[in-house]
Amino acid sequence: MIKNNLKRLLELQQLTPYRVIQDTSITANTVYGLCRDEESVPNGETLDRLCAYLKCQPGDFLMYIDEEGF
């Protein structure tokens, strides 16, 4: 399963979802949805904008959790 770390990244940078929405023009539904549901994965454009804004790599934003035991 792939999870996102948006909520944690915002905490580390002392940012609010509202600030991200204002600064990036990403929709409120998308930002709040990603913060609420760690299992949500953004589309490529949104991931690109969030990584540029947060100055992080996609690997900092997304993580893989092996729940299947592969």
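Reply: Two residues are in contact when heavy atoms of theirs lie within 4.5 Å. The model is a predicted one, and by this criterion asparagine 4, setting aside neighbours within four places in sequence, is in contact with Leu34, Asp37, Glu38, Ser40, Phe61 and Leu62.

Me: What makes asparagine 4 count as buried?

Reply: The cut-off for buried is a relative accessible area under 20%. Asparagine 4, which is found in strand β1 (residues 2-4), has 3% relative accessibility and therefore counts as buried.

Me: Which backbone atoms does the side chain of asparagine 4 reach, and how do you know that these are polar contacts?

Reply: A polar contact needs a pair of N or O atoms within 3.5 Å, one able to donate a hydrogen and the other to accept it. The side chain of asparagine 4 reaches the backbone nitrogen of leucine 6 at 2.9 Å, and it reaches the backbone oxygen of leucine 34 at 3.3 Å, so both distances fall within the 3.5 Å limit.

Me: Why are the buried residues of α4 said to line one face of the helix?

Reply: In α4, which covers residues 44-54, the buried residues are Thr46, Leu47, Leu50, Cys51 and Leu54. Viewed down the helix axis, these buried residues of α4 fall within an arc of 130°, and so they line one face. Gly44, Glu45, Asp48 and Ala52 are exposed on the other side of α4, where exposed requires over 50% relative accessible area.

Me: What do the buried residues of α4 pack against, and what is found at the two ends of the helix?

Reply: The buried residues of α4 pack against α1 (6-12), α2 (17-24), α3 (28-36), α5 (58-61) and β2 (62-64). At the start of α4, a side-chain oxygen of asparagine 43 comes to within 3.2 Å of the backbone nitrogen of glutamate 45, whereas just after the helix lysine 55 takes a positive phi of about 55°.

Me: Which residues of α3 are buried, and what do they pack against?

Reply: Val31, Gly33, Leu34 and Cys35 are the buried residues of α3, and the elements they pack against are β1, α1, α2, α4 and α5.

Me: Which residues touch the most other members of the largest nonpolar core?

Reply: This core has 15 residues, and those touching the most other members are Leu6, Leu10, Val31, Leu50, Leu54 and Phe61. The elements α1, α2, α3 and α4 each give two or more residues to the core, and α4 gives the most, with four.

Me: How do you know whether the radius of gyration of the protein agrees with that of a compact globule?

Reply: For 70 residues a compact globule would have a radius of gyration near 11 Å, and the protein has 12 Å, which agrees. The C-alpha trace spans about 40 × 20 × 20 Å along its principal axes, and buried residues make up 31% of the 70.

Me: What pattern does the protein follow along the sequence, and how far apart in sequence are the residues in contact?

Reply: The protein has five helices and two strands, which follow the pattern β-α-α-α-α-α-β. Among contacts with a separation of 6 or more, 63% are between residues 24 or more positions apart.

Notes. Residues are numbered from 1 along each chain as its sequence is written. This is a predicted model: local features need pLDDT of at least 70, side-chain atom pairs count only at pLDDT 80 or more; totals for chains, interfaces and linings use all residues. Side-chain values use heavy atoms; hydrogens and water are left out. Buried means under 20% relative accessible area, exposed over 50%, partly exposed in between (1.4 Å probe, protein chains only). The arc is that of the directions from the helix axis to the C-beta atoms. The radius of gyration is taken over C-alpha atoms; the globule rule is 2.2 Å times the number of residues to the power 0.38. A nonpolar core is a set of buried Ala, Val, Leu, Ile, Met, Phe, Trp, Tyr and Cys residues joined through side-chain atoms within 4.5 Å.
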